[in-house]
Amino acid sequence: FALAPESLASASMESRNTVDIKTAKKMTADEAKAILQMNDNKVVDVSAVDADQNGKSKEFKITTAKDLDILTNNQIGIYNNFRSIDIGKYVRSDEFDAQYYYGGDDLGATYTQAQTQIKLWAPTAKKVVLNLYDSLDNGSTATKTFVMTRGDKGVWSHTESCGHGTYYTYTVTTAVGTQEATDPYAKSAGV
């Protein structure tokens, strides 16, 4: 299928206030700036990447007025034809690491007889729910759920008095949706 001439083929977050876009047709940076729109932000500068002799390109670097919030679904568009800005490139950048790198060795479940502390590094999550189970059966439902607390560097945590035989998953909500996940830092399948 073909893209509409006034649409974006892609939009990727480069830094906190820079977005790389690809358009369906060639245009100048001024033409792009005149028709680009953002939800809850403003385009302040547009520069063409690898422009031809007429100054036209399909690739542009966009500078925004405000930093993009990785917890929201940032969108950019042409003539109300919006596209979500992908943050994949940004989360693999030095800038992201400088802001969110966590060097602790306490991720996953840390069990003591008194309590279990569970931590998850998920800086792009806007909500994390801890689901506790008494059984490993596929059809079992969570016996308890807790909204975890977001801390420094995007580390989510919850402390609960639960002992051996307790199993857990997370329900993680990001700007693009919600899904259940196992613990990437798990030392075992349960406490």
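Trainee: Let's start with D20: buried or exposed?
Mentor: D20 counts as buried, at 18% relative accessibility. Buried means under 20% relative accessible area, exposed over 50%, and partly exposed in between, with a 1.4 Å probe and protein chains only. Keep in mind that this is a predicted model, where local features need pLDDT of at least 70, side-chain atom pairs count only at pLDDT 80 or more, and totals for chains, interfaces and linings use all residues. Residues are numbered from 1 along each chain as its sequence is written, and side-chain values use heavy atoms, with hydrogens and water left out.
Trainee: OK, and which residue forms a salt bridge with D20?
Mentor: That's K61, with the closest N and O atoms 2.8 Å apart. A salt bridge here is a side-chain nitrogen of Lys or Arg within 4 Å of a carboxyl oxygen of Asp or Glu. D20 lies in strand 2 and K61 in strand 5 (residues 57–64), so the bridge ties together parts 41 residues apart in sequence. Helices (H or I, at least four residues) and strands (E, at least two) are DSSP runs, numbered from the N terminus.
Trainee: What about K61, how accessible is that?
Mentor: K61 is partly exposed, with a relative accessible area of 30%.
Trainee: Which residues are in a salt-bridge network with D20 and K61?
Mentor: E14 and K89 are linked with them in that network.
Trainee: How many salt bridges are there in the whole structure?
Mentor: A search finds seven. One of them joins the side chains of R16 and E95, at 2.6 Å from N to O. R16 sits in the loop between strand 1 (8–15) and strand 2 (18–27), while E95 is in helix 3 (residues 94–100), 79 residues apart.
Trainee: And D106, what does that pair with?
Mentor: D106 forms a salt bridge with K119, where the closest N and O atoms are 2.5 Å apart. Both residues, D106 and K119, are buried.
Trainee: Switching to packing: which residues touch the most other members of the largest nonpolar core?
Mentor: I21, L36, V46, F60, I62, I76 and I85, out of 23 residues in that core. A nonpolar core is a set of buried Ala, Val, Leu, Ile, Met, Phe, Trp, Tyr and Cys residues joined through side-chain atoms within 4.5 Å.
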